[in-house]
Amino acid sequence: MTTETPEAQLGQEPGAQQREAEFEAQFRRTIEAKDRIEPRDWMPEAYRKTLIRQVAQHAHSEIIGMQPEGNWISRAPSLRRKAILLAKVQDEAGHGLYLYSATETLGATRNELTEKLIAGRQKYSSIFNYPALSYADVGTIGWLVDGAAIVNQVPLCRTSFGPYGRAMIRICKEESFHQRQGYELLMTMMRGTDEQREMVQESVNRFWWPALMMFGPPDDDSPNTAQSMAWGIKTHTNDELRQKFVDMSVPQAEALGVTFPDEGLQWNEERGHYDFTQPDWSEFWAVVKGNGPCNVQRLAHRKKAWDDGAWVREAAMAFAEKSAEAAAPGADTDSPDSGAARAEEVAR
Amino acid sequence: MSETPNETGGTVRGEWPLYEVFVRGKRGLNHVHVGSLHAPDDEMAIRHARDVYTRRNEGVSIWVVRSSEITASSPDEKDPLFAPSGDKVYRHPTFYDIPADVPHM
């Protein structure tokens, strides 16, 4: 904007307030009808901010989520397992990109989000601050961590913001491969030696509690849930999704031949659900605040990849600009035709 | 997924421009908008689109276009823009009552 904008004055016009109220009413009607909000629709500033925060956090989780398993690509026990793991980690990168695109429709820029992540001003899922110590962890992460992600993400396919929902649909389709390859990997190990079976059980013991934490704090301690549900961003509470995950996982564990490290875990006939012990929420908050086993390492690695890639981004841009210059009509000739050619180009 | 050609659609120095990606699922279908991505130029946008949006044979053809090149109708004006078709119910076949015993209609 080069002049005092009409928009700036619009704010003081008596009609502007009324128009704003009409927009808000329209927004509310769209949400109530369970219709979707699209990028160019009017939306309350708080809705936009909440979405940017949530979708960026989701995108960051996919990108950081490549690290725990990425370590095992070069150590996979067979070419088959290596190809599968490579495809899975590549998917995580893709999922991050879909989600960054969705945040861009809200006016955020890609660079700004990456820089906020690296500066520690935006979060990612705490689960990725736990290390993948054994090869069985690749299987457990696929089964339990991606399994929990699916439970979280399926309802998000119907979230109120169109681009976020469409990204989730795409992601959920691909996520099922992630879970199945993990479970199949663990089944293979369970058919192996005693030592391999112990590896699987030990891995499950370590990941069970952090997997339960993936749904976020208990409902009483989740101040944003009510507003997010009113806006149709979330459709289920953290505790509802956690319960669903436990109910789904127990029979899978039985089929696999492992147990979860919870003595309180038992079927409750009356409720029609499994009772289970809550994870240690003080550990959850400690990890969120940056004191998990791998927080520092994860961010340092992301920063290094970002910094090391800077010259590639710049070189590609410089190459594109140079190629465009070279391709422009009359770029290196001063023939009388070049002006006409340019005019023709413009007319097209 | 940027249906908004906003300022991020242009070239911010240091950030590759934004492209919108359209994929034809198979022969005979329309190209459908699937999302967006950043790329330094058109050719790289096609290559990135292949990697980001067609990892599982989702398409037989890809279109990319700079987001800044898209002109979109304004949501504020959607009522006046689409109003002309709103009151023309006679354009739909169901507007016409045809007796049930008339065959093949």
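The model is a predicted one. Chain B and chain A bury about 2,500 Å² between them, and 4 salt bridges are found across their interface.

**The interface between chain B and chain A**

- The size of an interface is often given as the accessible area lost when the parts come together.
- Here that area is about 2,500 Å², with 50% of it on carbon and sulfur atoms.
- Chain B brings 30 residues to the contact, and chain A brings 33 residues.
- Among the 4 salt bridges between the chains is one that joins the side chains of B:R56 and A:D91, with an N to O distance of 2.4 Å.
- Polar contacts link 12 residue pairs between chain B and chain A, counting pairs with both residues at pLDDT 80 or more.

**The chain B side of the contact**

- Two elements of chain B, strand β2 (31-38) and helix α1 (42-53), each supply at least two residues of the side that touches chain A.
- The largest share of that side comes from β2(B), which gives 4 residues.
- Sorted by class, the side of chain B that touches chain A holds 11 nonpolar, 10 polar and 9 charged residues.

**A:W306, a buried tryptophan**

- A:W306 counts as buried because its relative accessible area is 14%, under the 20% cut-off.
- Leaving aside residues up to four places away in sequence, A:W306 touches A:N111, A:T114, A:E115, A:I118 and A:R313.
- One of these partners, A:E115, is 191 residues away along the chain, yet its C-alpha atom is 9.1 Å from that of A:W306.

- A:K34 belongs to the loop between α2 (14-32) and α3 (45-64) of chain A.
- With 70% relative accessibility, A:K34 counts as exposed, since the cut-off is over 50%.
- B:N57 lies in the loop between α1 and β3 (61-66) of chain B.
- B:N57 is also exposed, because its relative accessible area is 74%.

Note on methods. Residues numbered from 1 in each chain as written. Chains lettered and ligands numbered in written order. Heavy atoms only, no water. Buried < 20%, exposed > 50% of the residue type's maximum accessible area, 1.4 Å probe, protein only. Contact = heavy atoms within 4.5 Å. Buried area = accessible area lost by both parts, 1.4 Å probe. Polar contact = N/O pair within 3.5 Å; in protein donor to acceptor, adjacent residues only side chain to side chain. Nonpolar A, V, L, I, M, F, W, Y, C, P; charged D, E, K, R; others polar.
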